[in-house]
Amino acid sequence: MSDDRLMRIHSPEFQAMAERVLRATELTSRLNVLPFEDEAGKADLFEQILGRPLPARVTVYPPFYTDHGLRLDLAERVFINQNCTFLDYAGIRLGERVMVGPKVTFITVGHPVDPSERRGWLSGGPIDVAENVWIGAGATILPGVSIGRDAVVAAGAVVADDVPAASLVTGSKAAVRRQW
């Protein structure tokens, strides 16, 4: 998935992904209206969303959103707070003891910057979060990013580049990079 051209829109692969998005949306909609104490109901829906049981000692507070689910890999002792979104088609891995604050968004796919390619292709890459990382409230993690062990992503940060281990990253300022 290191190739920027992940898939052509309107291909058979895209159609299969679109069908899974509809299914994952239906499942997460059901999950997000369950009574909080319905542990069995949540476990059943998470198994359908992820394609396997939720790992031991993982905590997820709804509402929870994913567009695919089958490519979301959660290790043990992961904590995910409320209102997080995982667009995981290209794959998201959260290592052991990762803590995710509320309203964090992980995005593995997007569209090319070139306007002539934007409507014809999806681009992106997997996200890999190593062990013991803390991601603060409202952060956005973009396609292809790796976050090193023990790192902290500050609240509201937009992470477009890899994060070294044992570091703190901050910032969300947009800047013009080029014009066409």
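**Leu94 and what surrounds it**

Mentor: Start with Leu94. Leaving aside its neighbours within four places in sequence, Leu94 is in contact with Asp73, Leu74, Ala75, Val78, Ile80, Phe86, Val100, Phe106 and Val129. Keep in mind that this is a predicted model.

Trainee: Which residues have the most contacts inside the largest nonpolar core?

Mentor: Leu94, Phe106, Ile135 and Ile147, in a core of 34 residues. The elements giving two or more residues to this core are α1 (12–31), α2 (39–50), β4 (72–74), β6 (84–87), β7 (92–94) and β12 (127–129). The largest share, four residues, comes from α2.

Trainee: And what lies apart from that core?

Mentor: Another core, of nine residues, including Leu6, Met7, Ala90 and Val109. Members of a core are joined through side-chain atoms within 4.5 Å, so a group lying apart gets its own entry.

Trainee: What makes one face of β6 covered and the other uncovered?

Mentor: Cys84 and Phe86 form the covered face, while Thr85 and Leu87 form the uncovered one. In a regular strand, side chains alternate between the two faces of the sheet.

Trainee: How do you know that β6 pairs with strand β3 and with strand β9?

Mentor: The cut-off is at least two bridges. Three bridges join β3 (residues 64–66) to β6, and three join β6 to β9 (residues 105–107); both pairs therefore pass. Each of them runs parallel. Phe64 stands opposite Cys84, and Phe86 stands opposite Phe106.

Trainee: How many bridges does the pair β13 and β16 have?

Mentor: Two, between residues 134–135 and residues 152–153, in the parallel sense. The cut-off is at least two, so β13 and β16 count as paired. Within this pair, Trp134 has Val152 as its bridge partner.

Trainee: Where do β13 and β16 sit in their sheet?

Mentor: The order is β2-β5-β8-β13-β16-β18, an open sheet of six strands with parallel pairing.

Trainee: Why are β2 and β18 called edge strands?

Mentor: β2 (59–60) and β18 (168–169) each pair on one side only.

Trainee: What kinds of residue line the second largest pocket?

Mentor: Seven nonpolar, three polar and three charged. Closest to its centre are Val158, Val159, Ala160, Asp161 and Gly171.

Key
Residues are numbered from 1 along each chain as its sequence is written. This is a predicted model: local features need pLDDT of at least 70, side-chain atom pairs count only at pLDDT 80 or more; totals for chains, interfaces and linings use all residues. Side-chain values use heavy atoms; hydrogens and water are left out. Buried means under 20% relative accessible area, exposed over 50%, partly exposed in between (1.4 Å probe, protein chains only). Contact means heavy atoms within 4.5 Å. On a 1 Å grid over the protein atoms alone, a cavity is a set of points where a 1.4 Å probe fits but cannot get out, and a pocket is an open set with protein on both sides within 12 Å along at least five of seven lines; lining residues have an atom within 4 Å of a point. Ala, Val, Leu, Ile, Met, Phe, Trp, Tyr, Cys and Pro count as nonpolar, Asp, Glu, Lys and Arg as charged, and the others, Gly among them, as polar.
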